[in-house]
Structure formats: structure tokens, C-alpha cells
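Visitor: Could you take me slowly through one part of this model? I am new to reading structures, so please link each step to the next.

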Amino acid sequence: MGTVSVVFRREFAEYVRSVLGYVVAAAVLLLAGLLFYAQALGPAAGERLSGEVLARFFYTMSGLVAIAAVALSIRLIAEERQAGTLVLLSTSPVREWEVVLGKFLSAFAFLGTITLVSCYMPLLVMINGKVSLGQVLVGYLGLLLIGGACLAIGLFATSLTRYQLVAAVVASVLTGTMFLFWQLSLVLDPPLSRVFAGLAIHARHFQGFQVGTLHLRDVVYYLAVTYFFLLLATKTMEVKRWE
Amino acid sequence: MISVNNVSKFFGGKRALGPVSCEIGTGEAVGFLGLNGAGKTTLLRILACDLRPSAGSFAVDGIDGGTTPHHIRSLVGFLPESPPIYPEMTVGEYLRFAGQLRGLTGSHLKHRLPEVEEIANIRPVHHELLRHLSHGYRQRVGLAQAIIHQPQLLILDEPTTGLDPAQIVEMRLMIQGLKEKHTVLISSHVLPEIHQTCDRLLVLRDGELVASGTEQDLSHRLESCRIAASVIPGHEQSGTGGVETVLSAIDGVHSVVATERGDGVIDLVVETGSDIRADISRALVHGGYGVIRIDRADMELEEVFLQLVHGDDDGDR
């Protein structure tokens with residue numbers, strides 16, 4: 001784990017001193033704040049139960065977190081390949097999985113920090129309404145899990161190419177497709193509808209987190225998606241040595 | 001130290017290297033010569049375990065590169081043609097990162113950092129951001145990261161590319177200093193650098209190893225042999241045409257270039273298939289020429305290089 005930590009620290013420092021990190025953080029927090037205002041505080045918000053306001057907040061944040069995850073992940077390997085710095089890692093006694101895990105954890109830590117900074121909004125709901133701390137914590141767990149899954153998808157995309165634009169397109173298509181599986185499940189007949197509903201990254205698996213209900217199957221789903229795409233990214237990096 | 005057996009590399013069905021076989025001993029400094037696309041970088045990247053060979057096998061210090069490349073990487077320091085630096089890091093941060101990747105920690109890393117900065121002469125820029133450094137300094141930082149873990153094998157791919165003459169001399173001196181502690185492999189187009197730095201040369205052409213040896217070995221091993229002579233024509237001979245005719249009639253003579261000096265002596269350069277100085281001198285004496293000098297002319301490294309890398313078809317250039 002020593003090497004993972006070395007890669008993690010360099011990558012996290014890169015986010016902290018790069019413009020990209022601040023742009024993504026500012027965009028996510030600004031949009032989250034505006035949408036929260038519109039949905040909970042603004043004149044058009046109307047009378048709503050505090051639990052419903054919180055569920056809407058987590059629903060909105062999940063989309064923003066997914067987009068931020070893609071934006072943060074696309075540079076991770078493609079940029080190094082383009083700049084020629086990947087050779088430092090690939091000629092050091094560092095295994096591919098250590099590189100992938102170190103980079104994933106750094107992006108996850110940065111994304112987690114951005115996500116947690118938004119906590120003042122649910123706290124406002126908590127103070128002025130009737131929601132439990134558990135509901136807030138479960139909602140944030142859901143955000144971190146969906147963020148981790150989207151980061152893993154982005155990391156896989158960035159491992160495929162040296163061009164960040166291509167990585168961004170691949171990551172967006174993959175993530176978008178996994179979001180759309182839910183819509184697809186609505187128009188298909190069983191058993192396919194059940195398969196696609198089960199694979200959809202958002203609707204069915206995130207609904208529980210929105211309302212503060214923790215299902216083990218949802219946690220396992222997000223962890224499995226994350227693991228699967230991190231494994232694909234690792235194998236892609238291994239295969240690239242043969243090309 | 002290094003054993004390469006029939007290593008080949010294909011990129012998308014196109015052969016970039018091999019099959020190549022060679023042995024490199026511990027403590028040797030070996031230069032890889034070849035034109036662009038000859039396969040030098042591919043071979044060096046394979047030996048640095050950055051790339052995997054499509055076929056064949058290699059071992060470094062007895063460790064098989066196919067099955068345990070991870071172990072080999074800890075024995076190798078690699079400086080690619082373009083140094084792998086992160087522009088937003090300072091020199092100190094970067095070298096610390098490179099050392100940690102190679103497993104250096106704590107006091108060992110703390111002691112080693114100033115050492116490599118001293119060797120690479122980059123102490124004054126320890127706190128500078130890498131993006132603010134000149135190409136020459138970046139190359140030195142690249143060299144420092146390659147030696148920070150005191151690797152047994154140091155691989156330098158075109159280490160002087162883009163450097164000015166003063167920097168080239170400095171880099172050459174650094175490499176000569178490193179030869180004492182590391183087995184060094186260098187690829188370069190700058191022939192004097194290879195000539196002055198390396199004990200042995202491996203010449204690659206179109207992905208294949210076409211020659212191996214010292215500069216003199218290579219010169220001797222070439223199929224073509226060059227003989228230089230100076231003769232004084234007899235009374236009945238005049239001009240250079242006669243001597244060219246006499247020599248061209250000898251079996252094994254490929255070409256004759258005769259140049260008249262002002263003092264009546266004719267200088268000859270004879271390209272032959274082998275060392276036939278005895279036949280040439282006999283023919284000259286028989287033809288009425290006084291031979292005042294006949295010698296084998298070893299080719300300069302540059303000529304050796306050009307003949308080898310261009311192949312037989314272009315060898316007469």
C-alpha cells in the first residue's frame with residue numbers, strides 16, 4: 001500500500017494546485033446552491049415536507065456528483081500518457097493496480113471533499129425541518145458511492161487513450177448509458193426489464209439513499225460497479241504494454 | 001547482466017524490432033546506434049520493462065523479464081528521450097516522488113536526494129518549479145530521477161537530444177562518471193558521444209542487430225575494406241587513368257579513386273572485398289609504378305555507422 005499512498009499524495013496535490021480542481025468544485029457547489037435555493041427556499045419552491053426537500057437535494061446532487069466525477073477522472077491517465085510522464089510510473093517497480101488505485105483514491109478524496117462541503121444545505125433542512133441525521137448520512141453515503149462508481153468509469157475511459165477529449169466522450173457515453181438503463185427497463189418486457197433496472201446506475205439503486213433508506217444490495221451494486229471498472233482500467237494498462 | 005534472446009516487437013502487425021539477440025556484461029557501457037525507426041528506443045523500452053516483447057525473452061541479472069518484470073524495474077533506471085517530468089512540481093518534490101516510487105523512504109531518501117542533485121548538478125534549482133527550467137536542466141533532472149535508487153542498469157535514450165554543445169559535454173562527463181557504478185546503455189545519433197562514452201556498439205538497422213563490437217571491430221568486420229596507397233608513376237605513365245585501369249583489373253577491387261598531388265605523387269583509395277594489399281602492390285610494381293606507401297585505412301566511426309545503418313545497397317555512399 002506504500003506505493004498507492006505515494007501515487008495518491010501526488011495526484012491529490014495535483015488537484016489542489018490545478019485550475020481544474022477549483023473549477024469543478026466551484027461549478028458543483030454553485031449549481032448545487034442555486035438548485036437548492038430554487039427547490040427549497042425560492043418563491044417557486046412552495047410548501048414541501050422537509051424529507052421531500054432533502055430527497056430532492058440528494059437527487060440533484062447525485063447528478064452533479066456524477067458529472068464532477070467524470071470531469072475529475074478523465075485527466076488521470078490520458079494526461080500522463082500525452083505528456084510522457086506515465087513512463088516514470090511504468091518503469092518503476094509499481095504495479096498497474098497500485099497506480100489505478102492511487103489515482104482513484106485521490107480523485108475520490110477530492111470529490112468527497114467537494115461533496116461534503118455541500119453539507120450546509122441538508123443541515124439547514126435539518127435545523128428548520130424534521131429530518132434525522134441518519135437520513136442525511138445515508139444520503140451522503142449514496143453520493144459517495146455513486147461518485148466512486150462514476151470515477152471508476154471515468155478512470156477506465158482515461159486508461160484507454162492519450163486524448164482527454166476522447167476519454168471524456170467515452171466516460172460520458174458509458175455513464176449516460178448506465179443512467180439510461182432505467183428508462184430502457186421501463187419499455188422492455190421481463191426478464192430484460194429486470195436486468196436493465198438492476199444495472200441502472202441511478203434510479204432504482206439511488207432511490208433508497210435519497211429517502212434515507214440503506215439497502216445492502218444498493219451498496220453492493222455501487223461497490224461492484226466501482227470494482228469492475230477499476231479492474232478494467234488495470235487490465236487495460238497491462239494490455240497497453242503489449243501494444 | 002543482460003541476456004536478450006530473439007526478442008521481437010510488433011506494433012499493429014508492423015515489425016518494429018527483431019528478432020534480436022545479444023549479451024551485455026556487468027559494468028559495460030554499450031551504445032545503440034541506428035537511424036530513426038531502427039528499433040533502438042523499442043529495444044531500450046523493452047529492457048526497461050516499459051514494453052513487453054511480442055516474442056522472445058530477456059533477462060536482467062538472471063531475472064526473466066517476461067514473468068517478473070516488476071523485479072527488473074527495481075534494478076533499472078530509465079531516462080526516455082523526453083524526460084518524464086511533472087511541470088507543476090519542484091525539483092525536490094519530483095525527485096522525492098521518483099525515489100518513493102522506487103521504494104526509498106525516510107533517512108535513505110533524505111541522504112540520497114542531495115547526492116543525486118550533486119551528481120546531476122541541479123542543487124541550485126532544488127526549489128524551482130520544473131516548468132520554469134530550461135531543457136538542459138530538465139534533462140539533468142531526468143537523469144537524477146533515473147539514478148536516485150542506485151540502479152544496477154542505467155538506460156538512457158538519446159540523452160543529449162536538444163542540448164547545446166556545452167550541455168552535451170557536461171552530460172557526457174556525467175555519463176562517464178556514472179559508468180563506474182552502473183551498467184549503462186545509451187542510444188544516440190550523436191556519434192562522437194557514443195564513441196567517447198561507450199565500450200561497445202550495437203548497430204540496429206530496420207529492427208535488426210546488424211553489428212556489434214568496438215569501433216575498430218566494426219570497421220574490420222565490414223565486408224568492404226579500404227586500402228590507401230601513394231605511388232610515383234614511371235616515365236611511360238601519365239595521369240591517373242592508367243593506375244585506375246591497372247588496379248581495376250585485380251579480382252576483389254570494387255572501386256579506385258586516384259588523385260594527383262602537385263609533387264607527382266598519386267594518392268589512391270581502393271575499396272576491396274578483403275585485405276589484398278599484397279596483390280595491389282604486386283600489380284602496381286608490375287605496372288611500372290613506384291609504391292611509396294600502402295596501408296589499410298580504418299574507417300572513421302561516422303563512416304562505419306553510415307555503412308552499417310544504410311545497408312549494403314547504400315554502402316558506397
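**A close look at chain A**

Guide: Happy to! Let's start with how chain A holds together: among its contacts between residues at least 6 apart in sequence, 78% join residues at least 24 apart. Please keep in mind that what you see is a predicted model.

Now look at what chain A is built from. Along the principal axes, the C-alpha atoms of chain A fill a box of roughly 60 × 45 × 30 Å. As for the inside, 47% of the 243 residues in chain A are buried.

Next, turn to the side of chain A that meets its partner. Here 19 residues of chain A are in contact with 24 residues of chain B. Two elements of chain A each give two or more residues to this side, namely α1 (2-17) and α5 (86-90). The largest share, five residues, comes from α1(A). Sorted by class, the side of chain A that touches chain B has seven nonpolar, six polar and six charged residues.

B:Arg45 sits in helix α1 of chain B, which covers residues 40-47. Is B:Arg45 buried or exposed? B:Arg45 counts as buried, because 23 other C-beta atoms lie within 10 Å and the cut-off for buried is 20 or more. Leaving aside residues up to four places away in sequence, B:Arg45 touches B:Asp50 and B:Leu51. B:Leu79 is 34 residues from B:Arg45 in sequence, and the C-alpha atoms of the two are 9.9 Å apart in space.

Of its seven residues the number buried is zero, so β14(B) lies largely in the open. This strand has a partner: six bridges join β14(B) to strand β11 (residues 225-232) of chain B, and the two run antiparallel. To see the pairing for yourself, find B:Ser230, which stands opposite B:Arg293 in β14(B). As you look along a strand, remember that in a regular strand the side chains alternate between the two faces of the sheet.

How values were computed: Residues numbered from 1 in each chain as written. Chains lettered and ligands numbered in written order. Predicted model: local features only at pLDDT ≥ 70, side-chain atom pairs only at ≥ 80, totals over all residues. Buried ≥ 20, exposed ≤ 12 C-beta atoms within 10 Å, placed from the backbone. Helix = DSSP H or I, 4+ residues; strand = E, 2+ residues; numbered from the N terminus. Pairing = 2+ DSSP bridges. Contact = placed C-beta atoms within 7 Å. Nonpolar A, V, L, I, M, F, W, Y, C, P; charged D, E, K, R; others polar.
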